[in-house]
Amino acid sequence: MAAYQATGLPSVSLPTVNYQLQESVLPLLERFSKIYLWLDDDVDGQIAAERFANKLGKSRCLLVNTNIQNESDGPRTAHEAWIQGRDLAEIVQSARRIRHDEIMNFHDLREEVLREVMNPEQTRGGHRPGELTILTGPTGAGKTTIISQLSLDYCKSGVPTLWGSFEILNKRLAKKMLYQLAGKDLSKAPQEFDVWADQFEQLPLHFLKFFSTTAIKDVLKACKHAVYAYDIRHIILDNLQFMLSQQGRSSLDRWELQDEAVAELRKFATEQDVHITLVVHPRKDAGDALEINSVFGSAKVTQEADNVVIIQKGEQARYLDIKKNRHVSLMKL
């Protein structure tokens, strides 16, 4: 409303705090030859704005930066700018176009670098957009349990998530996650099912229908549609061996197939600016304490990954052992 009053331009706002532009809305915006995308002036907001521009067409989109003076305490949203008495029309007029996909200079990167400098909590550690994480651990260590809980936490904080379960049927995975959300075994309290199911249904969570052996091109085709239609930001694939099972004629073919799949996943994460968590089983001959070379397959699997996390079984407890992280020193949690 503030943007409309200040500029006279037709204005619409996202209905939720999640950065999602539903596919059903796109036809309503076809009539406009120029669209200003005014999202929060922080890392997440500007990443979402560029993602929306890809969806709407870069040639007609301009990105608005609220804090045009780059002040440390400057406004990050249109509402904050209005409260501070800033000239909203001037801010809109300073909007920038997106340049060619494959060409840029530091001027194009300057604002993004500044936002990362001013918002270190959004870029330090964790699951960053455009990266691939490998998660492994011995049988029974709880790989699916840990990643399903993590995905629930992300969904509750507004991160649209896509689950690809190639080993466990979706109905059983959904039941596990529903129990985790409720914090209890609902088979012992069935009268509470509808209450928790209603909450679960509101999460920005989607499931791939694939099960067991599936060609990587089909998986990525579905993932690309999900990114476009539902603004997915986190993709979980559990697990690589089941997804590629019964493909390839020999063990050598299967290793090459796995290397190609991981390379395609890494490329997809970068191009679509999403985070992919890929569960990979360890080698059968791996000892009690797993190392980075315990991950099944060739060295390319861990070389392509930005992060490698191993669930270790200690004598008294299990812990996450981060063996590789491109931006943070190695650590144990």
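Biologist: How many cavities of 30 Å³ or more does the structure hold?
Modeller: One. A cavity here is a set of points on a 1 Å grid over the protein atoms alone where a 1.4 Å probe fits but cannot get out.
Biologist: What lines the largest cavity?
Modeller: There are 14 lining residues, each with an atom within 4 Å of a point. Asp41, Asn67, Asn70, Arg115 and Met118 lie nearest the centre. By class, the lining has three nonpolar, six polar and five charged residues. Asp, Glu, Lys and Arg count as charged, Ala, Val, Leu, Ile, Met, Phe, Trp, Tyr, Cys and Pro as nonpolar, and the others, Gly among them, as polar.
Biologist: Before we go on, what kind of model is this?
Modeller: This is a predicted model, where local features need pLDDT of at least 70 and side-chain atom pairs count only at 80 or more, while totals for chains, interfaces and linings use all residues. Residues are numbered from 1 along each chain as its sequence is written, and side-chain values use heavy atoms, leaving out hydrogens and water.
Biologist: New topic: in what order do the strands of the sheet run?
Modeller: The order is E1-E2-E3, in an open sheet with mixed pairing. Strands are DSSP runs of at least two residues, numbered from the N terminus, and two of them pair if DSSP finds at least two bridges between them.
Biologist: And which are the edge strands?
Modeller: E1 (35–37) and E3 (96–97), each pairing on one side only. E2 (residues 61–63) pairs with E3 in the antiparallel sense, and leucine 63 has arginine 96 in E3 as its bridge partner.

How values were computed: Helices (H or I, at least four residues) and strands (E, at least two) are DSSP runs, numbered from the N terminus. On a 1 Å grid over the protein atoms alone, a cavity is a set of points where a 1.4 Å probe fits but cannot get out, and a pocket is an open set with protein on both sides within 12 Å along at least five of seven lines; lining residues have an atom within 4 Å of a point. Grid points are joined across faces, edges and corners, and a volume is the space filled by probe spheres set on the points.
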